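Subject: The structure we talked about

Hi,

Here is the structure I promised to pass on. Have a look at it first, then read my notes below.

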Amino acid sequence: MNKKKTLINNLVTYGIVIIGYAVMMILQLTGSLSSSMKGFLVPICIYVIMAVSLNLVVGILGELSLGHAGFMCVGAYSSAVFSCAAQELITSAPLRFGIAILVGAAAAAVFGIIIGIPVLRLKGDYLAIVTLAFGEIIKNIVNIIYLGVDSNGLHISFDASAGTAGLGLLEDGRVIIKGAQGISGTPQDANFTIGIVLVLITLIIVLNLINSRDGRAIMSIRDNRIAAESIGINITKYKLMVFTISAALAGAAGALYSHNFATLTPAGDKFNYNASIMILVYVVLGGIGNIRGSIIAAVILYVLPEKLRFLRDYRMLVYAVVLILVMLFNWSPKMIEWRKSVAAKFKAKFGRKKTANEAEGGAQS
Amino acid sequence: MNMLEVSHLSISFGGLKAVNDLNITIKKGQLYGLIGPNGAGKTTAFNLLTGVYKADTGSILLDGKNIAGMNTISINKAGIARTFQNIRLFKELSVLDNVKVGLHNQMGYSTIEGILRLPRYFKIEKQMNEKALELLDVMGLKDCAGFTAANLPYGKQRKLEIARALATNPKLLLLDEPAAGMNPNETEELMETIRFVRDKFDMTILLIEHDMRLVGGICEEITVLNFGQVLAQGVTSEVLNDPRVITAYLGE
């Protein structure tokens with residue numbers, strides 16, 4: 001009975017994504033979607049993937065990671081480099097983008113392992129601080145990388161003062177990464193459909209992982225580390241596994257990001273700790289451990305500040321107030337009570353139809 | 001045949017000798033008690049047996065194999081499972097899932113098979129469900145299988161911990177104050193359960209307990225610890241009547 005409930009819950013989650021996709025596609029085809037909304041579609045997919053993958057670490061493993069945007073940065077850069085370098089070699093855009101996503105995910109996964117091995121010995125606040133630092137380190141290294149390709153192969157330089165000259169490229173050489181100027185000319189292969197496919201793949205991986213033997217082991221570590229160890233659960237292995245999978249998914253989101261915009265630079269707040277915190281806000285307000293909540297929160301909270309631009313200077317003020325209201329709505333005991341009573345009324349009115357909703361409310365309380 | 005042979009086991013924390021030269025021999029299928037006043041080093045002894053602490057000196061033979069110095073995970077795989085004095089369940093998981101986590105190393109499929117939902121996933125999950133329900137049935141928890149563990153009443157939480165420990169298919173089961181916080185009726189029921197588990201699974205059980213009714217009722221042999229040292233050891237009825245034991249518990 002329990003199993004059936006989770007299955008229905010998961011199907012509802014997939015359903016929400018697919019319906020959202022269908023609605024957006026219809027709006028787009030009928031031309032009733034504003035151009036600014038069109039621009040949001042791919043970023044929404046990116047941040048949904050980010051939120052869901054971070055929820056795997058925060059909600060399911062129970063560790064706080066503040067460097068999630070760093071993995072996105074790794075994925076964005078590595079996939080963009082691949083696409084730029086392979087632009088002539090592989091002419092089929094979907095194939096090239098497919099490989100680029102895999103390259104981005106693999107690169108981020110490797111970083112996840114490299115960072116994870118020393119970091120996962122830490123717990124709680126310490127882990128949060130170190131992941132925050134790693135995220136910043138990644139961003140700052142990317143800021144000074146120069147990478148070029150010529151007939152001799154790849155050239156790499158970390159000498160920001162020498163600039164592109166530091167690469168020592170031959171006549172036929174081509175600069176791919178120009179330090180703080182980043183990468184330009186990445187083929188814009190990303191679109192909403194690919195984004196949604198990636199979101200669905202992310203959901204399949206995350207939800208199936210949670211509802212499996214490994215997922216139970218991971219949640220047992222979250223609930224009681226000592227007891228998990230006493231029944232033979234390999235804590236280091238599972239922590240590293242979650243960290244790596246989460247990093248790989250963030251890397252895939254990064255690939256989507258770099259192939260959505262013509263230029264990719266480390267500047268701004270796309271890859272710094274602000275971005276990591278923003279993704280964490282999606283996870284927390286959507287409900288820690290609640291994957292569907294992460295999706296909904298990511299969509300709403302990404303679109304909201306953009307839609308509030310007409311408020312100009314008061315934009316972030318209003319956004320902050322909205323965040324507080326959402327938090328109160330989700331977590332304050334009075335509101336949970338109220339939601340439950342509303343759910344009960346619904347149930348009384350529409351028979352047994354609303355059981356899934358009620359179950360969700362129960363899980364959040 | 002001896003299931004557990006502890007010899008000259010010692011550990012000190014700073015200047016405090018928490019366990020000093022502990023020797024215990026438990027035969028296969030025996031119900032063995034470890035008692036002593038608060039702070040005597042009973043739980044420390046459990047932590048030494050399960051690898052939470054590493055002993056300064058001494059050896060621990062489980063079924064003839066030395067397990068001293070191994071970590072908790074390997075010791076569990078070697079065949080020791082335990083429950084905790086302060087209940088440590090996986091609170092947000094269902095009762096069934098708590099037991100299924102215990103089956104983790106008994107039956108399994110790879111991560112890829114789990115994520116891609118390959119046929120082996122469904123096959124093994126079904127077997128795990130059956131096995132877990134069987135264990136819950138033994139402990140009288142089958143009706144609660146779908147509950148969240150945190151919502152179980154206290155007595156049932158203790159039973160669930162035993163079920164979870166049994167799921168790891170141990171040779172030796174360590175119970176740390178299984179009757180703590182239970183009323184006389186629940187204790188009575190627990191005694192039945194412990195005996196039943198021993199008989200059904202042919203299990204060797206070592207338990208820490210303060211409830212003398214339980215100890216006197218089911219333990220065949222006991223060891224009394226006081227200030228980290230063995231005060232008395234032997235057949236339960238004799239040891240419990242030993243004047244030194246009475247003094248240690250009740251004072252002069």
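Before the first distance, a word on terms: the domain bounds used here come from an automatic or database domain assignment. Also keep in mind that this is a predicted model.

Let's start with chain B. Its assignment gives domain 1, made of 1–79 + 170–252, and domain 2, covering 89–166. The C-alpha centres of these two domains of chain B are 27 Å apart. Where they touch, domain 1 of chain B puts in 12 residues and domain 2 of chain B puts in 10 residues. On the domain 1 side, β7 (172–176) and α7 (184–201) of chain B are the elements that give two or more residues. The biggest contributor on that side is α7(B), with 5 residues. Sorted by class, the domain 1 side of chain B has 7 nonpolar, 2 polar and 3 charged residues.

Next, zoom in on one helix, α5 of chain B (residues 119–138). With 20 residues at 1.5 Å a residue, α5(B) should span 28 Å, and its end C-alpha atoms are 29 Å apart, so the two agree. Which residues of α5(B) are buried? They are Tyr121(B), Met128(B), Ala132(B), Leu135(B) and Leu136(B). These residues cover an arc of only 95° around the axis, so they sit on the same side of α5(B). Turned away from that buried side is a face with the exposed residues Pro119(B), Phe122(B), Lys126(B) and Glu130(B). The cover over the buried residues of α5(B) includes α3 (95–102), α4 (111–115) and α6 (154–167) of chain B. After α5(B) comes Gly140(B), which has a positive phi, near 70°.

Now for how the chains meet. In the contact, 22 residues of chain A meet 32 residues of chain B. On the chain A side, the elements giving two or more residues are α6, α7 (213–223) and α8 (225–230) of chain A. By class, the chain A side splits into 9 nonpolar, 8 polar and 5 charged residues.

Confidence in chain A is highest in helix α6 (residues 192–210), at 96, and lowest in helix α14 (residues 355–364), at a mean of 44. Across residues 354–365 of chain A the pLDDT is below 50, and this stretch has 18 contacts in the model beyond near neighbours in sequence. Where pLDDT is low, the predicted coordinates should not be read in detail.

Cheers

Conventions: Residues are numbered from 1 along each chain as its sequence is written. Chains are lettered from A and ligands numbered from 1 in the order in which they are written. This is a predicted model: local features need pLDDT of at least 70, side-chain atom pairs count only at pLDDT 80 or more; totals for chains, interfaces and linings use all residues. Two residues are in contact if their C-beta atoms, placed from the backbone, lie within 7 Å. Helices (H or I, at least four residues) and strands (E, at least two) are DSSP runs, numbered from the N terminus. Ala, Val, Leu, Ile, Met, Phe, Trp, Tyr, Cys and Pro count as nonpolar, Asp, Glu, Lys and Arg as charged, and the others, Gly among them, as polar. pLDDT is the predictor's confidence in each residue, from 0 to 100. The expected span of a helix is 1.5 Å times one less than its number of residues. A residue is buried if 20 or more other C-beta atoms lie within 10 Å of its own, exposed if 12 or fewer, and partly exposed in between; C-beta atoms are placed from the backbone. The arc is that of the directions from the helix axis to the C-beta atoms.
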